[in-house]
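I opened the model to look up how its chains are built, how they meet and what surrounds the ligands. My entries follow in the order in which I made them.

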Amino acid sequence: MKLLRILATLLFAAIAVSPAPTLAGEGGRTPKPVVTIENPGKCAAPAEEMRRNHMEMLKHQRDRTLRAGIRGEPASLNACIECHASKKTGSVLGDGQAFCQGCHEYASVKLDCFECHQPKAKFKAAGLKP
Amino acid sequence: MSAPNPRRAFFAAAGAGVAGLGFTAIAPGLHLMAVGEANAAARPAGTAASPAIRWGLLIDATKCAPGCTKCIDACHEENGVSEQLPDPRQNSQWIRKIELVDRRNGRVTTLPMMCQHCAKPPCVDVCPTGASMKRADGIVLVDRHTCIGCRYCMMACPYKARSFVHTNLTEQSPETPRGKGCVESCTLCVHRVDKGQQPACVEKCPEGAMTFGDLNDPVSAISKRIAAANTTQVLSDLKLDLGVRYQGI
Ligand code: SF4
Ligand code: SF4
């Protein structure tokens, strides 16, 4: 009986010190995307908003930039890439840890932006050598 | 680069025939003054392209050197056009050199040709998705987000200015997104113009054959030149009101 009480106390203590509310499966059986945030705290909007709405923000921005010619607004894809490109690979694509690819692979959402857009930060196009 | 094409020679000749018959903006009483001033200041962040401006180019074919491809190289580098396909006819061509030969006396004129940034662009008229578009300041662009690659615009363009991207690309310039399955053409270096710079071809031409500026502004270098010299819109009988004008053809 005494042993049982000690065990219960230990268990309670363990729950009490475990970090903030946990999602089902966290820390255990469900894998999570492993993305590295290279420059934390500088984002155009809070992380929760970015996670849910970045696609809408980019979609509005692309029309404003291309069709209206409005430049220098926060939700620019190039600005995202400059900040989020991996310090190792220089890109937001490449493997399961790359910022864009990592999460999109995890969520199984097709990533079309980079069929046309350059995924590497500070990329200098060479053009055709004469 | 410059495949002599009798049909194009004919087009240009047809345009030259009616040079100065009313389609060039003549502002009387203005003298040619110091030229070469930079484009207007960069448009401030957050402001849209203004319909008060009409960006244009004036190309002086008398200065354009035969055999020179510096404008083409500058365009390719600036816009990351680097793919070379097994069939070279499928390579993108934003700007090309055209050679005009007067068959009677053999006189050769060369000139660079790109999207003419029509005020009434046929490519925009025919596009079924609204992807082919004209910006408020007269720059004609393809919105690749909505382009379905049908290539109607390529057929509609009287200047053969547009290309279709036939292959997957990885070497794009960050400021010039481009990719397989979309049509593209000269953007008048819109990303540079918005920063207050000149288009790459204008900047890199060693002969100073190209002038860039605001056709609506009577004191801009380009307007003053057009007011002072006899300039031509190629195929001006189509009345497309071109942003690109030529001198000496
Ligand atoms: S030159 Fe051709 S591509 Fe350019 S605006 Fe005119 S029709 Fe369109
Ligand atoms: S190829 Fe693209 S831009 Fe050209 S007409 Fe078709 S949808 Fe429009």
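**Chain A.** I began with burial in chain A: buried residues make up 22% of its 130 residues. Buried here means under 20% relative accessible area, exposed over 50% and partly exposed in between, with a 1.4 Å probe and protein chains only.

For conventions, I noted that this is a predicted model, in which local features need pLDDT of at least 70 and side-chain atom pairs count only at pLDDT 80 or more, while totals for chains, interfaces and linings use all residues. Residues are numbered from 1 along each chain as its sequence is written, chains are lettered from A and ligands numbered from 1 in the order in which they are written, and side-chain values use heavy atoms, with hydrogens and water left out.

I then listed the secondary structure of chain A and found 4 helices and 0 strands. Read from the N terminus, the order is α-α-α-α. Helices (H or I, at least four residues) and strands (E, at least two) are DSSP runs, numbered from the N terminus.

I looked at helix H4 of chain A, residues 99-107, where A:Cys100, A:Gly102 and A:His104 are buried. Which helix do the buried residues of H4(A) pack against? I found helix H2 (47-68) of chain A. After H4(A) comes A:Ser108, with a positive phi near 55 degrees.

For the contacts in chain A with a separation of 6 or more, residues 24 or more positions apart account for 51%. A contact means heavy atoms within 4.5 Å.

**Chain B.** I counted 7 helices and 10 strands in chain B. Of its 249 residues, 51% are buried. Residues 24 or more positions apart give 67% of the chain B contacts with a separation of 6 or more.

I checked strand S2 of chain B, residues 95-101: 5 of its 7 residues are buried, so the strand is largely enclosed by the rest of the structure. S2(B) pairs with strand S3 (residues 108-114) of chain B in the antiparallel sense, over 7 bridges; two strands pair if DSSP finds at least two bridges between them. Which residue of S3(B) is the bridge partner of B:Ile98? The partner is B:Leu111. The two strands form a hairpin with 6 residues between them, and in the turn B:Gly106 has a positive phi of about 75 degrees.

**Interface.** I found 36 residues of chain B in contact with 22 residues of chain A. The area buried between the two chains is about 2,400 Å², and carbon and sulfur atoms give 52% of that. Buried area is the accessible area (1.4 Å probe) that two parts lose on being put together, summed over both.

How many salt bridges cross the interface of chain B and chain A? The rule finds 3, where a salt bridge is a side-chain nitrogen of Lys or Arg within 4 Å of a carboxyl oxygen of Asp or Glu. I noted the bridge between B:Asp143 and A:Arg67, at 2.9 Å from N to O.

**Salt bridges.** B:Glu175 and B:Lys195 meet at 2.9 Å, N to O. B:Glu175 lies in the loop between strand S6 (163-164) and strand S7 (183-184) of chain B, and B:Lys195 in the loop between helix H5 (190-193) and helix H6 (200-204) of chain B, so the pair ties together parts that are 20 residues apart in sequence. Buried or partly exposed? I found B:Glu175 partly exposed at 37% relative accessible area, and B:Lys195 partly exposed at 42%.

B:Glu184 and B:Arg178 form another salt bridge, at 2.7 Å, N to O; both residues are buried. I also traced a network of salt bridges that share partners, which joins A:Arg71, B:Arg43, B:Arg135, B:Asp137 and B:Asp194. Within chain B, B:Asp137 and B:Arg135 meet at 2.6 Å, N to O, and both are buried.

**Ligands.** I listed the residues around ligand 1, among them B:Cys115, B:His117, B:Cys118, B:Cys123, B:Cys157 and B:Arg162; a residue is near if one of its heavy atoms lies within 4 Å. This shell has 9 nonpolar, 2 polar and 1 charged residues. Ala, Val, Leu, Ile, Met, Phe, Trp, Tyr, Cys and Pro count as nonpolar, Asp, Glu, Lys and Arg as charged, and the others, Gly among them, as polar.

Which of the 14 residues around ligand 2 come nearest? They are B:Cys127, B:Cys147, B:Cys150, B:Arg151 and B:Cys153. The shell around ligand 2 divides into 10 nonpolar, 3 polar and 1 charged.
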